[in-house]
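Please look over the sequence and the 3D structure shown here before reading on.

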Amino acid sequence: LVLLVVSTLYLACAVYAEDMYVEFDYSRDTLKGLGSSRVWITNEYEHNGIRADGERILDRLITLNRDR
């Protein structure tokens, strides 16, 4: 995590608001320290977003970083 904080890499991620395994507040707290991150918060998926609809999710994440 420390390397991501000081990194100049761009990060895009999906946070599942109703994830049954990862507390939403934990995800938000993690993202606070990552200044170069862009996040898509969604309740359309639970913990299995990539498996359930990977193409759509990856398209969305790529789009979040495309204009940088």
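Predicted model: local features only at pLDDT ≥ 70, side-chain atom pairs only at ≥ 80, totals over all residues.

Residues are numbered from 1 along each chain as its sequence is written, and side-chain values use heavy atoms, with hydrogens and water left out.

The protein contains 3 helices and 2 strands, arranged along the sequence as α-β-α-β-α. Helices (H or I, at least four residues) and strands (E, at least two) are DSSP runs, numbered from the N terminus.

**Overall figures**

- The protein has 68 residues, and 25% of them count as buried. Buried means under 20% relative accessible area, exposed means over 50%, and partly exposed lies in between (1.4 Å probe, protein chains only).
- Among the contacts with a separation of 6 or more, 73% join residues 24 or more positions apart. A contact means heavy atoms within 4.5 Å.

**The strand pair**

- Strand 1 and strand 2 pair in the parallel sense over 6 bridges. Two strands count as paired if DSSP finds at least two bridges between them.
- From strand 1 the chain passes through helix 2 (residues 24-32) to strand 2, and this β-α-β crossover is right-handed. The term right-handed applies if, with the strands pointing away from the viewer, the path from the first strand over the helix to the second runs clockwise.
- Val-15 stands opposite Ile-41 in strand 2, and Tyr-16 has Thr-42 of strand 2 as its bridge partner.

**Helix 3**

- Helix 3 has 18 residues, yet its end C-alpha atoms are only 21 Å apart, short of the 26 Å that a straight helix would reach at 1.5 Å a residue. The expected span of a helix is 1.5 Å times one less than its number of residues.
- Helix 3 has a kink of about 70 degrees, centred on Glu-55. The bend at a residue is the angle between axes fitted to the seven residues ending there and the seven starting there.
- Gly-49, Gly-54, Ile-57, Leu-61 and Leu-64 are the buried residues of helix 3. These buried residues pack against strand 1 and strand 2 (37-42).
- An α-helix has 3.6 residues a turn, so residues three or four places apart point the same way.

**The nonpolar core**

- The largest nonpolar core is made of 7 residues: Ala-12, Tyr-16, Trp-40, Tyr-45, Ile-57, Leu-61 and Leu-64. Strand 1 (11-16) and helix 3 (49-66) each supply at least two residues of this core. Helix 3 gives the most to this core, with 3 residues.
- A nonpolar core is a set of buried Ala, Val, Leu, Ile, Met, Phe, Trp, Tyr and Cys residues joined through side-chain atoms within 4.5 Å.
- Ile-57 lies in helix 3 and is buried, with a relative accessible area of 0%. Leaving aside neighbours within four places in sequence, Ile-57 is in contact with Ala-14, Tyr-16, Trp-40, Tyr-45, Gly-49 and Ile-50. Ile-57 and Trp-40 are 17 residues apart in sequence and 9.4 Å apart in space, C-alpha to C-alpha.
- With neighbours within four places in sequence left aside, Leu-61 is in contact with Ala-12, Cys-13 and Ala-14.

- Ser-27 is placed in helix 2 and counts as buried at 16% relative accessibility. Apart from neighbours within four places in sequence, Ser-27 is in contact with Val-15 and Val-22.
- Val-39 lies in strand 2 and is partly exposed, with a relative accessible area of 35%. Not counting residues up to four places away in sequence, Val-39 touches Cys-13, Val-15, Leu-31 and Leu-64.

**Residues in loops**

- Gly-35 is found in the loop between helix 2 and strand 2 and is exposed, with a relative accessible area of 75%. Gly-35 and Tyr-10 are 25 residues apart in sequence and 9.1 Å apart in space, C-alpha to C-alpha.
- Leu-9 sits in the loop between helix 1 (2-6) and strand 1 and is exposed, with a relative accessible area of 60%. Leu-9 and Ser-37 are 28 residues apart in sequence and 8.7 Å apart in space, C-alpha to C-alpha.
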